[in-house]
Amino acid sequence: MKQILSLCLFVLLALNANGQSLNVDSLVNVLNTKELTDDEKINVYWKVSQFYLEYDSDECILYSNKGLLLAEKEGNKRRVATFNNLLGIAYYKKNSFDTSYVYLNNYLEKAIKLDDKYLISQAYNSLATMYKQKEDFPIAVDYYMKSLAANDVINENRAITLINLSTIH
């Protein structure tokens, strides 16, 4: 019975991933064939990058860099910040911690300049997760604690940060 359930779960996940892949392929096709405003292109790059963050770090980096360049050109400061976050995460998934730190630190700096408490909290959380992956646990704990403090300021749900923090102890 467990084998049947496992097989069914595997098939459902494969179908779901295939469906998402078709959606991303459609978005990439739109980028290549449609006349889009720069804001629309930035949003498509964002969606494609988010998808690839889960499945292919190199593709995430490719589309995030394109989105970052366009967001910088358009002066979209929030997207510049969030593309830095995606790039930082993609690089720590590849164990390129020095490069990851550069992008995540840029994300934090831009979030602070925007005075966006939510982005600040996310930046601390991303830095913490990078240090956890690097197995530098004291620094990871420090950043998770900063993320928790930032969550308190904006009354954001602390559960995810607490769960991340608990995986260290």
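1. H3 and H4 are roughly antiparallel to each other, a term used for angles over 145 degrees. The axes of H3 (residues 57-74) and H4 (residues 77-93) cross at roughly 160° and come within 9 Å. Axes here are lines fitted to C-alpha atoms over the stretch in contact, with angles from 0 to 180 degrees between N-to-C directions. Helices are DSSP runs (H or I, at least four residues), numbered from the N terminus.

2. The model is predicted: local features need pLDDT of at least 70, side-chain atom pairs count only at pLDDT 80 or more, and totals for chains, interfaces and linings use all residues. Residues are numbered from 1 along each chain as its sequence is written, and side-chain values use heavy atoms, without hydrogens and water.

3. On the H3 side, the contact (heavy atoms within 4.5 Å) includes Ser57, Cys60, Ile61 and Tyr63, and on the H4 side it includes Arg79, Val80, Phe83 and Asn84. The residues of this contact divide into 11 nonpolar, 5 polar and 3 charged.

4. Most residues other than glycine have a negative phi. Asn95, not a glycine, has a positive phi of about 60°. Asn95 lies in the loop between H4 and H5 (97-114). Its relative accessible area is 47%, so Asn95 is partly exposed (between 20% and 50%, with a 1.4 Å probe and protein chains only).

5. Glu135 also has a positive phi, near 65°. Glu135 sits in the loop between H6 (117-133) and H7 (137-154). With 60% relative accessibility, Glu135 counts as exposed (over 50%).

Note on methods
Helix = DSSP H or I, 4+ residues; strand = E, 2+ residues; numbered from the N terminus. Parallel < 35°, antiparallel > 145°, perpendicular 65-115°, else oblique. Nonpolar A, V, L, I, M, F, W, Y, C, P; charged D, E, K, R; others polar.
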